[in-house]
Amino acid sequence: MSDKEHYFDWAATSPADEDILRESLEETFSCWGNPSSTHGVGKKARELFEAARTRAAKALGVKPETIYFTSGGTESDQIPLLSVLAKPMKGTVLVSSIEHPAIREQSEALKNCGCNVIQIPADSDGIIQPEAVTSLLTGDTVLVCIMAVNNETGVIQPIYEIADAITKACQGKRRPKFHVDCVQAAGKINLNLGYKGIDSAALSSHKICGPRGIGILYMKDAIEPFLRGGGQEKGIRSGTENVFGAVAFSKCLERYYNKQKASDAERTKSFVEKLSALPGCTIVPSSRLEKPELFSPYVVQAAFNNIPGNVMLRALDAKGYSISTGSACSAKKNKRPVLEAMHVDSKLRENAVRFSFGPHTTDKAVDDLLSAVAEINAQFNK
């Protein structure tokens, strides 16, 4: 069977759009100069690079000057976080309890640098409620970080409501910056990066069929960077520009951003319902069955009685199916901090696995997956 056909770990990385990558590579062959060089060869590369910025901005519905190319989602998340260290008075940072390690681990490091970092609790559905954010705001809060779609459960966070709540709570006072990790949201749910209360957002190319090693930081207003160097990207992200990556990423945004199919949501809803009917299966969180609209149709978390997550992963892998037990970045640590933050039972955490889909996932492949899961489950839950 085709590896791509039975690949269900899109949340970790997506199969590349080969046409876009080949076309982008061909374009950069003739523009091989350093985009920061002032000679003709460099200027030619700069033109291609800036055209990619304009294309990306148009796809995202924002101004080109708000787009900064980075090395990926992690760096796009960490630039706003580290900017706190560039200020004499570091202040308080609020970070949701269900963030990706790119935010969660870096925020822990900020504590060692004198920052006050406070976790925003999630409810049992894994949702960060606006009032949970505003209740923690203080006069010295400088940054709030909340992801748009959780990479393990697929829950969609109410980022626009949170943005409005922060603005309302800070009327007449200095408003903290609001950063949104959109890595799992881009190409999966409709996004409005230009929303008035969103100050910055992170996106990653390899999550929407682009190459690895290129990301975008959307930033409404410039900040003072903590890391400095040659001054590329207006000093926000120094380092020689990745022209090929920028071109390919911008074309993937054109093709995949905010272009979801309603049929994908219906297919996933059916998959979840059939999965939950298997003996010993628990959808995590269980509220997904009653409120599917609160979740991305591209990420599903489930646990199976008597089957540790790693066992289910290996059993499916032996049959040619790729899934995961959570974030690829945390796979070797065997910890599930997102599920812990949701107060999920320890046994369910141990048994939980993640199924994630993409724009090229077929109905037949999903049916095949369900049959394979049912077969394995039957061996442990008769």
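Quick terms first. Helices (H or I, at least four residues) and strands (E, at least two) are DSSP runs, numbered from the N terminus. Buried means under 20% relative accessible area, exposed means over 50%, and partly exposed is in between, with a 1.4 Å probe and protein chains only. Contact means heavy atoms within 4.5 Å.

This is a predicted model, so local features need pLDDT of at least 70, side-chain atom pairs count only at pLDDT 80 or more, and totals for chains, interfaces and linings use all residues. Residues are numbered from 1 along each chain as its sequence is written, and side-chain values use heavy atoms, with hydrogens and water left out.

Back to α9. An α-helix has 3.6 residues a turn, so residues three or four places apart point the same way. After α9 comes Gly320, with a positive phi near 95°.

Now the whole chain. There are 12 helices and 10 strands. The chain has 382 residues, and a compact globule of that length would have a radius of gyration near 21 Å; the chain has 21 Å, which agrees. For the record, that radius is taken over C-alpha atoms, and the globule rule is 2.2 Å times the number of residues to the power 0.38. Along the principal axes, the C-alpha atoms fill a box of roughly 70 × 50 × 35 Å. Of the 382 residues, 56% count as buried.

Contacts next. Take those with a separation of 6 or more: residues 24 or more positions apart account for 73% of them. The accessible surface is about 16200 Å², and 52% of that belongs to carbon and sulfur atoms. Those areas come from the Shrake-Rupley method with a 1.4 Å probe; for residues, only the protein chains shown count as cover.

Charges. The chain has 46 positive and 44 negative side chains, and the centres of the two sets lie 3 Å apart. Lys and Arg count as positive, Asp and Glu as negative; His and the chain ends are not counted. The place of a charge is NZ of Lys, CZ of Arg, CG of Asp or CD of Glu.

On to backbone geometry. Most residues other than glycine have a negative phi, and most peptide bonds are trans. Here are some exceptions. Which residue is joined to Val284 by a cis peptide bond? Pro285, with omega about -5°. Pro285 is in the loop between β8 (281-283) and β9 (299-304). Cys209 is not a glycine, yet its phi is positive, about 75°. Cys209 sits in the loop between β6 (200-204) and β7 (215-219). Is Cys209 buried or exposed? Buried, at 0% relative accessible area. Lys234 also has a positive phi, about 55°, without being a glycine. Lys234 is in the loop between β7 and α7 (243-256). With 59% relative accessibility, Lys234 counts as exposed.

Last, a few single residues. Asn242 is in the loop between β7 and α7. Its relative accessible area is 30%, so Asn242 is partly exposed. Beyond four places in sequence, Asn242 is in contact with Phe49, Gly213 and Ile214. Asn242 and Ala372 are 130 residues apart along the chain, and their C-alpha atoms are separated by 41 Å.

Ser296 is in the loop between β8 and β9. Ser296 is buried, at 1% relative accessible area. Leaving out neighbours within four places, its contacts are Val149, Gly154, Ile156, Lys188, Ile189 and Arg288.

Lys261 lies in the loop between α7 and α8 (262-276). At 43% relative accessible area, Lys261 is partly exposed. Leaving aside neighbours within four places, Lys261 is in contact with Tyr298 and Pro359. Lys261 and Thr282 are 21 residues apart in sequence, and 27 Å apart from C-alpha to C-alpha.
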